[in-house]
Amino acid sequence: MFEKSVTMVEEGLGKYFPSAALAIGVRNKIFVKKTWGETSIYGDGEKINFDTLYDMASLSKVVGTTMVALKFIEDGKLCIDDTVGSFFKAPDDKKDITILRLMTHTSGLPASFLLSECTNSPAGVPDAILNHALAVPVGSQTIYSCMGFILLAKILEKIGNAPLDELAQKYVFDPLNMKSTTYHPQGSAACTEFDKESGKCLCGVVHDENSRFQKGVSGNAGLFSSLNDMIKYATMLACDGVFDGRIYLSHAMLAAAVHNYTEGCSEHRGLGFALSSDNCFLGTTFSRKAFGHTGFTGTSIAVDPESGLYVVLLTNRVHPSRDNNTIVRFRRLFHNCIGAEYSRYMQETKYLNY
C-alpha cells in the first residue's frame, strides 16, 4: 500500500525539493517511514535520517502556538472570546479583536510585514503589530496572517508568564515525548535558503525573517522538528487526542479546534488548523473532515479523522532558493494519491478478501 505515493516523492527529488522525510500512518500504525537526500545540495551535507531537523516554518503555528493555546483553553486560562485589548493597550480598531479571530485568520491584520522595519527590538513587537494598519475590516474575510499568530504568542506568554519556547516545551513537547523538537536547534539540520548577509545557506537558523528578528522564538515560525517527533504529534491528532495510552487533548477540545469557523469565506479555518475545502492542499480524496497545515519551507501535515489516516511530509523546498514553488500543486496531487490508495486498500479488505 502507498507504493504510488512513495514513488511520487522519489520522483519529486530534485524537481520539487532536494530532500524529504515521509511518514504515512493510520492511528497508531505506521505504514510508510522513509527519507531521501542530504541536508545540503553542495556535497557537504549529511544523509537525511528520521531525526534530522527540518525548519517547520508555519507548522510552528499548529505544533507550538496552537497547542499551547488549546491547553490554556482546556485549563480555563484562556477563552476564544478574550480580546486583544484585555492584554495590550490597543487602538480602537484592534482592541476588540478576539482570540478566535487571531486563530482563524479573520483578525483583519495583514499577512506579513517586516518587524525589523517597525521596531528596534523584540520587546516592541506587540506595539509594532497593533500600530500597523489593518488590511481589511475585522471579521470581513480570511487573510492568512503571520502577524496575528505572532500577537497570539505574545498573549500566551502573558498568560503563562514565560516565553513561548518554555511554554511549548512544558505543554507540548514534553507531554508528547518530542525529544528533538525545539526553537533552538543544535547540530545537523536540513539547509534552507541562501542568505545574502552571511553568504551561505541557512542551516539550523530559522528561515522566516520575523522569527529571526525575535531570536527564533515566534508564534508564526521558528520551530525545528524531525520525522520521529512529528509522527508522535500526528498520531495524537489521528487518535482523537490520545497519545501513548493517555489523553493529551480532550475530544471536546480537539473537536472545537477543527470546527469550521469561517463558513462562507475563501478558506475554511479551525482554531489554528486549515480545514479541507475546495482548492486546498489536502486534495480531493481525503474526507471533508480532514485538517492540517503547511509550512513555507516545504513542510506539511494532514490528518483525516474519519479514517485515522495521517501524512507527514518534511522537505526543504526553499534550498537553495524560495523561487521554486511547484510544491503547491505537488501537495494536492500527492494527497490525492494517498487518499485514493488507502481507499482502495479498505475496499479490498472489505469486499475482495472473503
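**Close-up views of helix packing and a buried serine**

**View 1. Packing of helix α1 against helix α10.** In this predicted model, helix α1 (residues 3-12) packs with helix α10 (residues 327-352) at an angle of about 160°, the two axes lying 8 Å apart. Angles over 145 degrees count as roughly antiparallel, and α1 and α10 are therefore roughly antiparallel to each other. The crossing of these two helices, α1 and α10, is left-handed. On the α1 side the contact is made by Glu3, Lys4, Ser5, Met8 and Val9, while α10 contributes Phe330, Leu333, Phe334, Cys337, Ile338 and Glu341. Sorted by class, the residues of this contact between α1 and α10 comprise seven nonpolar, one polar and three charged.

**View 2. The buried and exposed faces of helix α1.** Ser5, Val6, Val9 and Gly12 are the buried residues of α1. Seen down the axis of α1, these buried residues fall within an arc of 125°, so they line one face of the helix. The face of α1 turned away from this buried side carries Glu3, Lys4 and Glu11, which are exposed. The partners against which the buried residues of α1 pack are the strands β1 (20-26), β2 (29-36) and β12 (309-315), together with helix α10. Just after α1, Gly14 adopts a positive phi of about 80°.

**View 3. Crossing of helix α2 and helix α8.** The axes of helix α2 (residues 59-74) and helix α8 (residues 227-238) cross at roughly 65° and come within 13 Å. With 65 to 115 degrees counted as roughly perpendicular, α2 and α8 are therefore roughly perpendicular to each other. In this pair, α2 passes α8 in a left-handed crossing. Leu59, Val62, Val63 and Met67 of α2 make the contact with Met230, Tyr233, Met236 and Leu237 of α8. By class, the contact of α2 with α8 holds eight nonpolar residues, no polar residues and no charged residues.

View 4. Ser300 belongs to strand β11, which spans residues 299-304. With a relative accessible area of 1%, Ser300 is buried, the cut-off for that class being under 20%. Leaving aside residues up to four places away in sequence, Ser300 touches Leu59, Phe281, His293, Thr294, Val311, Val312, Leu313, Arg331 and His335. One of these neighbours of Ser300, Leu59, also takes part in the contact of α2 with α8.

Notes
Residues are numbered from 1 along each chain as its sequence is written. This is a predicted model: local features need pLDDT of at least 70, side-chain atom pairs count only at pLDDT 80 or more; totals for chains, interfaces and linings use all residues. Side-chain values use heavy atoms; hydrogens and water are left out. Axes are lines fitted to C-alpha atoms, for helices over the stretch in contact, and angles run from 0 to 180 degrees between N-to-C directions. Helices (H or I, at least four residues) and strands (E, at least two) are DSSP runs, numbered from the N terminus. Angles under 35 degrees count as roughly parallel, over 145 as roughly antiparallel, 65 to 115 as roughly perpendicular and the rest as oblique. A crossing is left-handed if the near helix is turned anticlockwise from the far one by less than a right angle, and right-handed if clockwise. Contact means heavy atoms within 4.5 Å. Ala, Val, Leu, Ile, Met, Phe, Trp, Tyr, Cys and Pro count as nonpolar, Asp, Glu, Lys and Arg as charged, and the others, Gly among them, as polar. Buried means under 20% relative accessible area, exposed over 50%, partly exposed in between (1.4 Å probe, protein chains only). The arc is that of the directions from the helix axis to the C-beta atoms.
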